[in-house]
Amino acid sequence: MAYLELQGLHRHFGDVKALDGVDVQLEQGEFLSLLGPSGCGKTTALRLVAGFDRPDAGSIVVDGKDVTNTSPSKRDMGMVFQAYSLFPNMTATQNVEFGLRVRGGHRADRHKRVGELLELIGLGHAGDRYPHQLSGGMQQRVALARALAIEPRVLLLDEPLSALDAKVRLQLREEIRRIQLELGITTLYVTHDQEEALSISDHVAVMYSGRIEQMGSPAEMYSAPATPFVAEFIGTMNRLEATVVDGGSGAVEHRGVTLTVNAARDRQRGDRVLVLVRPETVELSPANGDGGPNTLVGEVITQTFLGPVTRLKIVGGAADLIADVPTAKAATLPVGTRVTATLPAQGARLLELTDEPLPEIPEEPGPAGR
Amino acid sequence: MKPRRFMAPSAFVWLLLGGAYFFIPLLATLLFSLKSIQTGKCCTLSAYGWVIHNGDFWHTIKLSFLLALETIVISLVLFVPTIYLVHLKVPRLRPVIAFLALIPFVVPPIVMVVGLLDFYRGSPTWFYDQPWGFLVAAYVILAFPYMFFSLDAGFRAIDVHTLTEASQSLGASWLTTLFKVILPNIRVAALAGSFLALAIVMGEFTIANLAQFHTFPIFLQYVNETQAYRPAALTLLSFGITWAAMLGLLFVGRGRGARPTLLAGGR
């Protein structure tokens, strides 16, 4: 039996299905990120685990004990919130000590523990400061120490980095992972930032419309998306609607151009499929005639500098693609150049194409949104 | 090095005018209170001596002060948890309560006291005949808008939801959360409401007079009708005592260096 189990969680707010049957199993000491766009139900799931809300159906089991109806104060869940949540009337030390004081125990032991935790988060020197005397990153570190002080059974983090600037966010997410591994604490992390989720998690669960679309290791999620939504949400993906023309050779037809995709082998002729191609696997060269096998010809219409690579958008004929090419090479393919884009037969993924429209990803609200 | 900041001449003029508006009446009252009853000329402290040695003065001001304290305590006990729960659980009730809080402004005290006397007729004598009962009940109603709007502003300045949830996730009960987390962070708002309640009770005349309770404003009015210079001395002394009481409340309620109403989520 897993250490943390969410079993068939449902939660409705009026007519809105916030959670529509969420199942999660997490072993002790593992780090799971719930990843998804705004309104997908990830924070609702976390609040149910914390006990701030109750599910309409389903249960939450921690270490074999059903805690679905246990009050939040008795769940032993440490939580770090999206908004700065330190108690403004207490110093950093008092904030970290709060949970320990509520539980009682010897003062000397409490002080020792608080000191250790402040050192762990690198704020041993700032214990006497009030929250308004700390930066945003420092406040979230203290909030993390406060959550860890009670030695929680599960650590819950609700977009704790979203209010911080990019540099601090990067630094703090590495610290969170370091501390989590050091303490071996089971962690549930909510974020809408896929890079954040992929970089620090053992497992990632992508949520959409109150359901988990796919759960797996970060590498699996990136390389083998199971649904069009996951493909779109994790990284950038070219999605080509196509029809299988020859299941033996893996040939598919996309806007009148025949492409070979290994993953299409053994498919029935006439099957409608979605060919998924990562931008970094597309090879570009200046156009020369109609190109060759597995190519699409189009014109570079935009270039976006991303540092070591530059992202090119290619449109024209059957092509509507994004390609990431080394920045030095991109300089040889300025906007307006006709290029041949070669698609990889091996690396492309294939998904069944249904009649449902492909999902749109809504924009994320500001950091303090509830 | 910071550049020195000078006050603009126009600001200085307005400050002077504002100060004059407040201090000239006080100065006039002081000069009037120093006049001799026999000669009508300045300066003698006999009016102050009379006030200080007057038993009714001490009795009524003590009564009014204790009534104010009782009003403050009852108001805080009633309104703090109520407004906390409204902000936390039923925010849609807030406009309703805000509307109710305006009623004491709209209903004249004379109408209110007649209604209250009628409403409470038949209640136990320990309540109806005592200032600690009937009068405080009326004063809590009078203080309601001041307490509500002060506390409401305090609760709006903090992130009630996040602070409560953070406290609960750390194992705190509702009471611990209220006393250790919420109250210290709305302390300034609670103090502001308390000051206003104190000022109202110390000066309330209509209800006490019609309900026939002998509070400080009734004594002041009686002296004003029957004496010449002594009411001025009485006014200044009561003014000083009320301000001292406010400072006392401020001292009791002050914190230790935190910024109590700072937004939890804001910087």
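Predicted model: local features only at pLDDT ≥ 70, side-chain atom pairs only at ≥ 80, totals over all residues.

Colleague: What ipTM and pTM does the predictor give the complex?

Modeller: The ipTM is 0.82 and the pTM is 0.81.

Colleague: OK, chain A. What domains is it divided into?

Modeller: Domain 1 covers 4–225 and domain 2 covers 236–352 of chain A; such bounds come from an automatic or database domain assignment. Taken over C-alpha atoms, the centres of domain 1 and domain 2 of chain A are 40 Å apart.

Colleague: Which strands make up the six-stranded sheet in chain A, and in what order?

Modeller: The order is 6-7-8-3-9-10, in an open sheet of chain A with mixed pairing. Strand 6 and strand 10 (211–216) of chain A are the edges, each pairing on one side only. On average, neighbouring strands here are turned by 20° against each other, direction ignored. Quick terms: strands (E, at least two residues) and helices (H or I, at least four) are DSSP runs numbered from the N terminus, and two strands pair if DSSP finds at least two bridges between them.

Colleague: And what actually holds strands together?

Modeller: Strands of a sheet pair through backbone hydrogen bonds, either parallel or antiparallel. Take strand 9 (residues 203–208) of chain A: five bridges join it to strand 10 of chain A, and the two run antiparallel. There, Tyr208(A) has Arg211(A) of strand 10 as its bridge partner.

Colleague: How does helix 4 of chain A lie relative to strand 6 of chain A?

Modeller: Helix 4 lies across strand 6 and strand 7 of chain A, and runs at about 175° to strand 6. For angles like that, axes are lines fitted to C-alpha atoms, for helices over the stretch in contact, and the range is 0 to 180 degrees between N-to-C directions.

Colleague: How long is helix 4 of chain A?

Modeller: It takes in residues 136–149, which is 14 residues, and spans 20 Å from first C-alpha to last, close to the expected 20 Å. The expected span is 1.5 Å times one less than the number of residues.

Colleague: Why is helix 4 of chain A said to be largely enclosed?

Modeller: Because 12 of its 14 residues are buried, helix 4 of chain A is largely enclosed by the rest of the structure. Buried means 20 or more other C-beta atoms lie within 10 Å of a residue's own; exposed means 12 or fewer, partly exposed is in between, and C-beta atoms are placed from the backbone. Among the buried ones are Met138(A), Val142(A) and Leu148(A). The cover includes strand 6 (77–80), helix 2 (92–103), helix 3 (107–120), strand 7 (154–158) and helix 5 (166–183) of chain A. Just past helix 4, Glu151(A) has a positive phi of about 50°.

Colleague: Now the five-stranded sheet in chain A. What's its strand order?

Modeller: That open sheet goes 13-12-11-14-20 in chain A, with antiparallel pairing. Its edge strands are strand 13 (257–260) and strand 20 (349–352) of chain A. Neighbouring strands are turned by 45° against each other on average, direction ignored. Inside it, strand 11 (residues 238–246) and strand 12 (residues 251–254) of chain A share three bridges in the antiparallel sense, with Asp246(A) opposite Ala251(A).

Colleague: Switching to chain B. How many helices and strands there?

Modeller: Chain B has 13 helices and zero strands. Its C-alpha atoms fill a box of roughly 75 × 70 × 30 Å along the principal axes. Of its 267 residues, 33% are buried.

Colleague: Where in chain B is the confidence lowest among the helices, and where is it highest?

Modeller: Helix 13 (residues 230–253) of chain B is lowest, at a mean of 82, and helix 8 (residues 160–169) of chain B is highest, at 95. The chain B average pLDDT is 87, and 93% of the residues score at least 70. pLDDT is the predictor's confidence in each residue, from 0 to 100. Over residues 260–267 of chain B, pLDDT stays under 50.

Terms used
Residues numbered from 1 in each chain as written. Chains lettered and ligands numbered in written order. Contact = placed C-beta atoms within 7 Å.
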